[in-house]
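Let's take a walk through a protein chain together, one stop at a time.

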Amino acid sequence: MTTFETIAETLRNAETIGVASHLRPDADALGSTIAFTLWLQSLGKTVHAFNEEGSTGKFHYLPGHEVVALPPATPKKFDVFVALDTSVKNRLGTVLDAIAPGTPLINIDHHVSNENYGDQNFIDPTAPATGQILVEFFQKIGAPITRDMATNLFAAISTDTGSFQYAGTNERTFAAASHLIACGVDVPGLSRAMYDSQPRRRFNLLRHALNTAEFHSDDRIATFSLPLDVVEELQVLPEDNEGIIDHLRSIEGVEAAVFFEELPENKVRVSARSKIPAIDVCKVCKQFKGGGHPMASGARVPGSLQQVKHVFLKALDHEIRNRN
């Protein structure tokens, strides 16, 4: 695995740098992208930050969010490109089309399913968020963390750990969060922006999810499906889906929850969450060319909503009944 020092040296020797994270970004993806971009800009670099969806409205509370743009239609030449929080290269989506062939790629991530697709790779599955890795990166190389960088990184860590609840949250996580607070994070203000400022359409989506939830495998699996016609009816955006699945996982007796989202072109986006370490949803998602973490993973699966739901639940039921 490439060291922090080697990555830092590569970036300091570069002039034009690209930074991006995975499609359907969460706060870890965007917060890490923004913080890393702000640091590179402070070094005087020419930096272009991309995401397939740009900086979605949901994350406009992140300071510096405007640095994240939609990728250009034609390839750009970079001295080096940095992929953050992206376990599989094609999860960069249309960003890949914006990178000129032959561009050196740095891959920094925390997913256990990461494929080490970069020319330089720093993958730490013991870190519950890429934001934590970046805090440790900046500390290791002696780079100052500004208040705006710290706010983005705190949002990244807080959301990806479920407000410091999920497995993998450890003393390093709290040490990183403590350091960020010392750098100026307004925790109450940021928390209100992250958790208490949801649009009404997301409430409507949550209501629909709870009213249509189903239970399988002796009530050990809870599911929610979102057909395209319901998306149209409720006028919800992709960013509204985040966190809905946690309401299903929180039900007593439920050991795993799955969200099935119908996509155009006969595909289904699957998000799976496990409540106990013995149920490895990453193992199941890998069967469908997906991945992520043992307790939080996803995949995009060809087929109709009912077809994908049937085959995925069959695989998950097998995982549950044959767990160690």
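Helices (H or I, at least four residues) and strands (E, at least two) are DSSP runs, numbered from the N terminus. Before we go on, keep in mind that this is a predicted model, in which local features need pLDDT of at least 70, side-chain atom pairs count only at pLDDT 80 or more, and totals for chains, interfaces and linings use all residues. Residues are numbered from 1 along each chain as its sequence is written, and side-chain values use heavy atoms, with hydrogens and water left out.

Is H22 buried or exposed? H22 has a relative accessible area of 7%, so it counts as buried; the cut-offs are under 20% for buried and over 50% for exposed, with partly exposed in between (1.4 Å probe, protein chains only). Leaving aside residues up to four places away in sequence, H22 touches A29, N51, L84, D85, T86 and R91, where a contact means heavy atoms within 4.5 Å. Q235, by contrast, is 213 residues from H22 in sequence and 24 Å from it in space, C-alpha to C-alpha.

Now look at the strands around this first stop. Strand 1 (residues 16-21) pairs with strand 4 (residues 80-84) in the parallel sense over 5 bridges; two strands pair if DSSP finds at least two bridges between them. Within this pairing, A20 has A83 of strand 4 as its bridge partner.

Next, find strand 8 (residues 221-226). Here 6 of the 6 residues are buried, so the strand is largely enclosed by the rest of the structure. I221, T223 and S225 point one way, while A222, F224 and L226 point the other way. Which strands pair with strand 8 here? Strand 7 (residues 214-216) runs antiparallel to strand 8 and is joined to it by 3 bridges, with E214 and T223 as bridge partners. The hairpin of these two strands has 4 residues between them, and S217 there takes a positive phi near 50°. Strand 9 (residues 256-263) runs parallel to strand 8, with 6 bridges joining the two, and A222 stands opposite A257 of strand 9.

Two loop residues are worth a visit as well. F164, in the loop between helix 4 (147-160) and helix 5 (171-182), has a positive phi of about 65° although it is not a glycine. Its relative accessible area is 21%, so F164 is partly exposed. E265, in the loop between strand 9 and strand 10 (267-274), also has a positive phi, near 60°. At 74% relative accessibility, E265 counts as exposed.

Finally, step back to see the whole chain. There are 11 helices and 12 strands in it. The radius of gyration is 19 Å, close to the 20 Å that the globule rule gives for 324 residues, so the chain is as compact as a globular protein of that length. This radius is taken over C-alpha atoms, and the globule rule is 2.2 Å times the number of residues to the power 0.38. Buried residues make up 55% of the 324 residues.
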